[in-house]
Amino acid sequence: MHHTILEGPLNCLALNRDCSQVVVAGRNVFKIFSIEDQEFQEKVNLRVGRNINLNYSASDVAWNPIQDHLLASAATNGAVVVWDLNRVSRSKQEHVFNNVHKRFVNKVVFHVHESDMLLSGSQDGYMKLFDLRKADVSSSFHGRDGVKDIQYNPSHYFTFAAALENGNIQIWDMRNTSRWERQFTAHNGPVFSLDWHTDEKMWIATAGRDRMIKQQNRVRNTHTVQTIASVAKIKWRPQRKFHISSCSLLLDFSVNVWDIRRPYVPFASFNEHKDCVTGISWKQNNPHVFFSSSKDSTLYQHMFRDATRPANDANPVGISISVHGSVAYASSDKLNSSTTPRSNSYSRLPAVWKRTPERSEQFMMVTSLLNEFEIINSAEAVEDFCMSWFIRSAREYKLSGRSMAEVCEHNAKLADSMKRHQIAQTWRMLKLLYCGKSKKAPPSPVATAINNPKTEVTKDTDAERTEKQEVKKEEKPDTSTVGHGIKNHSDFFFGDGDVDQAVYEYDSHRNMQDGQEWSLPSEAFQPRHEIKETSQPLDPLSENTKGESPSSVNESELNSKRNEQVALSAQSGIKQEILLTPPFNSHLSPWHFTTLVRDMLQSYAEKGDVQTAVTAIIVLGDRIKPHLDELHIEQWFMSYIDLLGRFEMWTRATEIIRMSGHPAVGALNQLSTTIHTHCSQCSKPLLRSGWLCDRCNGQLNVCSVCHLPVRGLYAWCQGCSHGGHLHHIRDWLKTYQHCPTGCGHLCEYT
Amino acid sequence: MDSCWCCPVQELYVDAFLHNNRLEHMVQVMSFHPDYLACFLKTQQYMLRCYGPLPYDYRHFIAIMAAARHQCSYLIGIQTNEFLLQGGDERWLKGLSHIPKKLQDLYELNKIMAHRPWLISRAHIERLTQGNDNWSIAELTHAVVLLAHFHSLASFVYGCGINAELDQSDGHSFESPGNGGGNSGKSPLSRSPHSLTGSSAHEMEGGIEVLMEKMRRLTEEAAAEEVTQEELLKRFERVETLSAELPAASKQAFSPKEDILCYVDDAEFTYQDFAKRGQPTELPTFRAQDYSWEDHGFSLANRLYPDIGTYLDDKFNTAYNLTYFTMGDNTDVDTSSFRRSIWNYIHCMFGIRHDDYDYCEVNQLLERNLKAYVKTVTCFPERVTRRDYDSFMREFKHSEKVHVNLMVLEARMQAELLYALRAINRYMT
């Protein structure tokens, strides 16, 4: 890979017949370089002459495929210029076709087999065929809209395709100038580029502003690649049937090579340029070398071995937990094979099978497995995973309506009843901290509150540890200790990979592992617990509450740090005692516990228990909000609302939104608030407005008192189905009993 | 009105009424061109009331700020109403010092975009998108679209002399017929359309006959001389500089009222000829080919503010391609070169150059009065008078004059957007 820097942005490039020279052109550049092994050597500067005008800058350039000394360029002022490198004078300009096109010319292209035929396509909707022997236009094709790109069909002498601004592709026969042979809509919005496949007849690829690359086979659209930005240029990769290279019009500066059968990730990508790439050209019949020009004024020669492979950097594993406790785990089969140690089973295979497929083929053979696991043999674990505690607390927590002390007490009792003592304690402490003062709390409850956390905490961890071991045992009956369990686990994992590899070698297209894969459902915990390990906060408070939420089930850490943890929890108990002592000793001195409460809420949220954090915020309201980061509050609320949504507790979610008092969260209730009604006469949906029907052409819902349309609340007598503006009906009924329409009904409104 | 296009117009009126709860005079004037009106209403509805990153009150306040740059009390009135209906904070209406810092930050961009869009640089975007309480790129794109829309809409309102709505303060005030100046434009459409094409038509520089003759000649002799780049550049610059030197504005002509001035900061900052911008090396002419709306502008706008590109694209195309093949009383006229020259002339005033256009045509096709009018409407809309409106192309019908104004609206909007989007693009890369 090497490059050269020029003096201005480049618009295009073209290679000569034997790919030994390259011409690049832009607004201020027009040069020919010869391609050497390690560098580009400047051969000719075409921008020379007495008056350099717009004819010397080009938006597109083409090299004659037969006569190596002929070049053609499209100028932005609408001229088509032919250059002859054999001219003896300094200026190589051979002929300028002025005033052939009314608007700028987008594309010039030579015929594949005829050196004297040059075709140009312009914004004015015309394509002109020039005969260079006569130096004149020999025929003209009208495409009815701006022509962005033209390409001769390499396998068909008379056919060329044109890409139009209105999204159409036209296939023309050169012998018929009056009308195109075939036209089809390829894109929504302008088509910027098209390319015929060199080997596959009638394969054509198009790309446009709608960020798609499409491959069409006669009329059928067979493959579509969605890119991230409008596509400026595309080019098939020679000798690779399914590979196509593309560059973007703006914002994305890389050249991507796609395998059209795998449209979501580029096969290879080249990220050398620092501004938009404007031209790509492959070395003829060499799939490993190509050239690119860019707005950053550089010309690059890329070697395929320098490419980055985005697919290799993609995360091969995905995992998700459903609300009902089952775990979905997806992984690439490559992962299994690559982690497989070269075991003896492999070498036992006959040599014939050892041939590994080519890289590009490997790229396409990627498959992934999706497994779903359910916990079946441990009722408690299921309980934990179903998050029944979450549902129950979400339903029954009191958040407003009563005094804070009562609310806290209620929530604490609720937590207690679900054996979530830590949470219960939290609620009690909140009550104590924020409501205690006014009551002049007697020392005894405080004392218990102090003692409680300590005992509670230590007990909690102990209980929890045993509980967890139980869970562990239930899940993996074959392992006695956790440490072993993990080891065994990974062994099994690799072993399984082995089998997989063998299968893979025998028949690469079939995938037989689904059924046999996993017998132990608990295996699924493996990757998850790795993730947790890194994100585990290590402050004492969070250690205490471990096990309260299922997301913190973390065997290995528990195992390795068991001793440590006991020490820690004891420590934290002491800490809490110290912190809680002052109000006990002298409840007169103010104690700034808000930071502590804030830390506590944060640690709850970070552990995954946003419920406690959010409910506490709602209950505490302004007592805590100013001390918390707005962004955090928003995140917690959003994730809690999201969780409620997953459990289909919509009403609860709405209540939370309403009570949030946070502008961004509150805005959730303002979204999609429109309800469309149907016309009462013809049942046509009223899309434009609630009181006007397009079909009946009349106003609906007319008030029977004032005869004007009702746009808001419509009061309705269910007996005679007449009614009108709420306040009009109310006024009417003050004096009359009959219906205002005079239908004689004695209207009843409740 | 012909009955054949009456029905679509009625449909559109219904739409407009449902959107705005009123049928604005502006919409009534635009209904000369129903195709365009349809696009216009859709676009305006979309950017003011449909999905978008900005809150509704912000959108209307940005509209007020934009309209205030041209002291357009008509638009300010309408948008103030809307602003209050959307639950906007009444205190904001006291003036720029009472609005949130975020909106205040936008004012600089508003000012530059309105008068000298070529000065917009990466740095402006950077300043807005960084720091506390910053603009996100999507919000900024939305704001930029709104600004451009209302700047150019102000041009249209002045250019056609739209009457104030009935419920606005001067909506039903009496004005003596002789006093046709100032910025209290009277609707020209209340008079019979042919009262203008009297005997005075021929004292003009030529009238339609001559114009059509010129257009015909231009297409015929297209293949004539070869012009060097210097010559073309000179022509572009000549159009740029000679672009109808406007008489210095009489100071008392526009004395904006108190209630508008509170939205205006740095009122002295007005349009200045692009040619007089100082160092041409630092601010080169904008090459339409290097950053075009169809390719780059559209892609960027649509990416940052979904669907707006499609709406605007429709609107631009409709305005650019709108023609009934008539000119005055003549039918079957190919007006494309005339329309293109107006469009490119407006772009030229903002320093946007189309390589494939010979700017000679501008001088040949546009008579001096028309040029003066177009320039006033584009750059100093608040100075347009009834006399300006009457005196250009006297044989044009009202619908054609409105057409010219629509072209001003769209070409100006596109020019502002191109500069702003290019700056955003540069910031993002």
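The paragraphs below describe a predicted model.

**The two chains**

The secondary structure of chain A comprises 21 helices and 37 strands, while that of chain B comprises 18 helices and 4 strands. Of the 750 residues in chain A, 51% are buried. In chain B, which has 429 residues, the buried part is 56%. The accessible surface of chain A amounts to about 36300 Å², and carbon and sulfur atoms hold 51% of it. For chain B the accessible surface is about 17600 Å², with 49% belonging to carbon and sulfur atoms.

Contacts may also be sorted by how far apart the two residues lie in sequence. Among the contacts of chain A with a separation of 6 or more, 49% join residues 24 or more positions apart. The corresponding share in chain B is 77%.

A:Trp180 sits in the loop between strand S16 (168-173) and strand S17 (182-185) of chain A. Its relative accessible area is 13%, and A:Trp180 is therefore buried, since the limit for that class is under 20%. Leaving aside residues up to four places away in sequence, A:Trp180 touches A:His142, A:Arg144, A:Gln170, A:Ile171 and A:Trp172. By contrast, A:Gly325 is 145 residues from A:Trp180 in sequence and 61 Å from it in space, C-alpha to C-alpha.

A:Ser115 lies in the loop between strand S10 (105-110) and strand S11 (117-122) of chain A. With a relative accessibility of 10%, A:Ser115 counts as buried. Its side chain makes a polar contact of 2.8 Å with the side chain of A:Gln67. Residues up to four places away in sequence again being left out, A:Ser115 touches A:Asn64, A:Ile66, A:Gln67, A:Phe110 and A:Leu132.

**Where the chains meet**

The size of an interface is often expressed as the accessible area that is lost when the parts come together. Between chain B and chain A, about 2700 Å² is buried, 50% of it on carbon and sulfur atoms. The contact involves 33 residues from chain B and 31 residues from chain A. Across this interface there are 5 salt bridges, and 9 residue pairs are in polar contact, both residues having pLDDT 80 or more.

On the side of chain B that touches chain A, the elements giving two or more residues are helix H1 (6-20), helix H10 (229-242), helix H12 (293-304), helix H13 (308-321) and helix H18 (398-428). Helix H12 of chain B provides the largest share, 7 residues. By type, the residues on this side of chain B are 10 nonpolar, 8 polar and 15 charged.

**Salt bridges**

Over all chains, the structure holds 36 salt bridges.

| Residue | Partner | N to O distance |
|---|---|---|
| A:Arg27 | B:Asp290 | 3.1 Å |
| A:Glu200 | A:Lys241 | 3.9 Å |
| B:Arg287 | B:Asp355 | 2.8 Å |
| B:Arg386 | B:Asp390 | 3.2 Å |

The side chains of A:Glu200 and A:Lys241 meet in a salt bridge. A:Glu200 is in the loop between strands S18 and S19 of chain A and A:Lys241 in the loop between strands S22 and S23, so the pair ties together parts 41 residues apart in sequence. A:Glu200 is partly exposed at 26% relative accessibility, and A:Lys241 is partly exposed at 37%.

The side chains of B:Arg287 and B:Asp355 also meet in a salt bridge. This pair links distant parts of the chain, 68 residues apart: B:Arg287 belongs to strand S1 of chain B, and B:Asp355 to the loop between strand S4 and helix H15. Both B:Arg287 and B:Asp355 are buried.

B:Arg386 and B:Asp390 are 4 residues apart in helix H17 of chain B, which means that about one helical turn separates them. B:Arg386 is buried at 19% relative accessibility, and B:Asp390 is buried at 17%. Finally, salt bridges with shared partners join A:Arg27, B:Arg287, B:Asp290 and B:Asp355 into one network.

Note on methods:
Residues are numbered from 1 along each chain as its sequence is written. Chains are lettered from A and ligands numbered from 1 in the order in which they are written. This is a predicted model: local features need pLDDT of at least 70, side-chain atom pairs count only at pLDDT 80 or more; totals for chains, interfaces and linings use all residues. Side-chain values use heavy atoms; hydrogens and water are left out. Buried means under 20% relative accessible area, exposed over 50%, partly exposed in between (1.4 Å probe, protein chains only). Contact means heavy atoms within 4.5 Å. Accessible areas come from the Shrake-Rupley method with a 1.4 Å probe; for residues, only the protein chains shown count as cover. Buried area is the accessible area (1.4 Å probe) that two parts lose on being put together, summed over both. A salt bridge is a side-chain nitrogen of Lys or Arg within 4 Å of a carboxyl oxygen of Asp or Glu. A polar contact is a pair of N or O atoms within 3.5 Å; within protein, one must be able to donate a hydrogen and the other to accept it, and residues adjacent in sequence count only if both atoms are side-chain atoms. Ala, Val, Leu, Ile, Met, Phe, Trp, Tyr, Cys and Pro count as nonpolar, Asp, Glu, Lys and Arg as charged, and the others, Gly among them, as polar.
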